[in-house]
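Trainee: I'd like to learn how to read a two-chain model. Could you walk me through it?

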Amino acid sequence: MDNEERLIGRARMGDGQALSGLAEQYAPQVYRLAFCLLKSEEEARDAAGDVFVKLYESPEKIPVQGFKPWLMKVVYNHCLDLLRRRKTWQGLLPRLLRYSQAGLEPDPAQAAVDAEEQIIVRQALLKLPEKERTALVLRYYQDLSYDEMSEVLGVAASLVGTWLHRGKARMKEILEQKG
Amino acid sequence: MQCLDRQELSAYIDGEMTKESSRQMQSHLQQCPQCRDGVLALKEENRMIRDALQGIDLPADLGAYVQGRLRRRERSCWTLKVGVPALLVISGLLALADNWIPLIEWFSSVLQFMLGGNLAMHLLIFLGRFLTIAAQHVLQGEPVGMTPTFIVLLACLAGILVQIRKGGYDNA
């Protein structure tokens, strides 16, 4: 049994330390998926916190097998909820709602450090429709298989392939338009 | 074997083809420079996407923030499991003494200052106390002024505001 399996086993029993260990390991992945969905650094950080608190509250839901795809599904569903709520609040209180678009436009200091290609590709990726964007993140950052992605996204594996293909084609168009 | 379209080539690169199709594809690639170029272009696209995603900066305090949220949640669980029963026992004991209401208020304010936890629960407790004290004043025909109980009540509110400000609540 490897270290991660041991942590998952203990976390399932409600062990806070084990959950902290899992959070330490997975927080970057959770944050990056949340960021790609929410397009806000602050909200993505909050979402990462929310997700691990949810795990703490219902440890029995943590699966023994396939922890990572399951975790990504929790993140995905949580972010969809936030987006739905954001839409409602945007309609009701447009002036009070302020969410950062940081990351879409890199700050000058960061731009100097970051590779220009990465920034351009990331900007194009963040312009994709939500489903295609999520599919690309799950496949090329989280390294999930099509079957695992279909579990996360709640669609057939064949559709996952289509979303990936469409996402890449659309990204290409955006990048070409940008010249 | 015929040339594959981009989506099929992508599935091949992602290792999502059946073993048989994958084997056929490999032998096709040896003879078809067009598909070979397609595979190379797609691999390059995938690399660019992967690099761009891995390059998303993490907030400097991400780890500390998540761990902090977990610790606060854990602590608020203890508040419910230990703090509230303890408060009830202390309240029961104090009820035997004179002037017990301000003392109970004082104990619960201290608890609020010390522990974060659930904002909704604290606001409910606060509202409950406010209504109880206001009702006592009205029933006894006393004017609502700066009595000791009201001063302690204000301390409770201050405790809640301090906790909100320093992020002591999970849901605020």
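Predicted model: local features only at pLDDT ≥ 70, side-chain atom pairs only at ≥ 80, totals over all residues.

Trainee: How many helices and strands does chain A have?

Mentor: Helices (H or I, at least four residues) and strands (E, at least two) are DSSP runs, numbered from the N terminus. Chain A has 9 helices and 0 strands, and chain B has 7 helices and 0 strands.

Trainee: What share of chain A counts as buried?

Mentor: A residue is buried if 20 or more other C-beta atoms lie within 10 Å of its own, exposed if 12 or fewer, and partly exposed in between, with C-beta atoms placed from the backbone. In chain A, 39% of the 179 residues are buried; in chain B, buried residues make up 22% of 172.

Trainee: Which residues of α1 in chain A are buried?

Mentor: An α-helix has 3.6 residues a turn, so residues three or four places apart point the same way. In α1(A), residues 3-12, the buried ones include L7(A), I8(A) and A11(A). They line one face of the helix, because their arc down the axis is within 100 degrees (the arc being that of the directions from the helix axis to the C-beta atoms). E5(A) and R6(A), on the other side, are exposed. Just after α1(A), G14(A) has a positive phi of about 90 degrees.

Trainee: How many residues are in the largest nonpolar core?

Mentor: In soluble globular proteins, nonpolar side chains tend to be buried together. A nonpolar core is a set of buried Ala, Val, Leu, Ile, Met, Phe, Trp, Tyr and Cys residues joined through C-beta atoms within 7 Å. The largest here has 56 residues, and V30(A), A34(A), A48(A), F52(A) and V75(A) have the most contacts inside it. Its largest share, 12 residues, comes from α2 (16-38) of chain A. Another core, of 6 residues, lies apart from it and includes L9(B) and M25(B).

Trainee: And how many residues does each chain bring to the contact?

Mentor: Two residues are in contact if their C-beta atoms, placed from the backbone, lie within 7 Å. Chain B brings 30 residues and chain A 35. On chain B's side, α1 (6-13), α3 (33-54) and α4 (62-95) each supply at least two.

Notes: Residues numbered from 1 in each chain as written. Chains lettered and ligands numbered in written order.
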